[in-house]
Amino acid sequence: MKNFLDVVSGPLEPHAVRITTRKHQKLLLTAQPDEVLYFIRKGLFLARASLPHLRNRVLGIHYPGDLVRTLSMPPLVGAEITAASEKGDVWRLRWPVVKGILDENPDLAREVSDRLADQAARSALHNVILAELNGDERVAALMIELALRMGTETAAGRVFEMPLSRMDIAEHLALNADTVSRIVSRMRAKGLLAAAGRRHLVCPRFKDLACACPLAPVIARMHKAEHLLSA
């Protein structure tokens with residue numbers, strides 16, 4: 001079965017401008033003649049904005065396969081999409097062109113609709129995480145999502161890219177950066193996480209990490225990974 005990247009790439013590639021990004025590079029959100037759609041192909045990207053009282057906030061994390069319409073960003077000061085990974089790959093497309101392709105291809109339109117629904121569900125769950133979980137549980141939820149979305153199973157455990165700084169994590173989870181450092185240190189002391197090379201972490205026992213977050217079953221179900229909780 002083809003994954004979403006494969007299904008969407010064929011129809012969109014002839015109309016795409018490919019952008020190879022470096023860490024901290026921003027994707028253009030300023031007004032243009034036509035609205036733009038960004039198709040994340042590789043790497044992690046952060047949707048950011050400045051809130052009142054000069055507080056910055058990471059509004060969301062975008063993973064490979066995500067689709068970002070520029071009009072989907074809230075009209076906040078400093079709203080931007082920034083590359084978190086050292087290297088990324090993004091396609092920029094004119095939205096009117098994409099809409100025309102989707103109008104002519106109902107199967108592709110359903111695939112795109114399903115992907116956007118998945119992104120909306122992740123955003124809604126993130127709101128629940130911020131409203132209902134304590135700091136330790138929020139950090140565990142993020143690590144679980146990264147492990148599932150970006151991880152690879154190895155003999156040492158589930159290895160995943162971690163390009164986010166403690167400030168990125170703090171802004172995403174509405175925590176203090178020092179608090180994030182203490183929480184991650186406790187997780188490492190418990191053996192839930194360990195370093196796995198430059199900008200990578202390994203979760204030796206995913207089930208134990210899941211036990212640190214009451215919403216782990218929901219996150220796993222969204223990623224069709226319930227089997228990892230019983231492994």
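**Reading the sheets, a helix and the cysteines**

Modeller: Let us start with a pair of strands: strand E3 (residues 36–42) pairs with E6 in the antiparallel sense over 3 bridges. Within that pairing, Leu37 has Arg69 of E6 as its bridge partner. This is a predicted model, where local features need pLDDT of at least 70 and side-chain atom pairs count only at pLDDT 80 or more, while totals for chains, interfaces and linings use all residues. Residues are numbered from 1 along each chain as its sequence is written, and side-chain values use heavy atoms, with hydrogens and water left out.

Biologist: What order do the strands take in the open sheet with E1, E3, E6 and E8?

Modeller: In general, strands of a sheet pair through backbone hydrogen bonds, either parallel or antiparallel. Here the order is E1-E8-E3-E6, with antiparallel pairing. Strand E1 (17–22) and strand E6 (67–69) stand at the edges with a single partner strand each, so one side of each has no neighbour in the sheet. From one strand to the next, the twist averages 25°. Strands and helices are DSSP runs numbered from the N terminus (helices H or I, at least four residues; strands E, at least two), and two strands pair if DSSP finds at least two bridges between them.

Biologist: Which strands form the other open sheet, the one with E9 in it?

Modeller: That sheet has 4 strands in the order E9-E10-E12-E11, with antiparallel pairing. Strand E9 (152–154) and strand E11 (194–195) are its edge strands. E9 is joined to strand E10 (residues 157–161) by 3 bridges, and Thr154 stands opposite Gly157 in E10.

Biologist: Is Asp118 buried or exposed?

Modeller: Buried means under 20% relative accessible area, exposed over 50%, and partly exposed in between (1.4 Å probe, protein chains only). Asp118, in helix H3 (residues 106–132), counts as buried because its relative accessibility is 19%. Leaving aside residues up to four places away in sequence, Asp118 touches Arg149 and Met222; contact means heavy atoms within 4.5 Å.

Biologist: How many disulfides does the structure hold?

Modeller: A disulfide is a covalent bond between the sulfur atoms of two cysteines. The cut-off used is a pair of cysteine sulfur atoms within 2.5 Å, and the structure holds 0 disulfides.

Technical notes:
Axes are lines fitted to C-alpha atoms, for helices over the stretch in contact, and angles run from 0 to 180 degrees between N-to-C directions.
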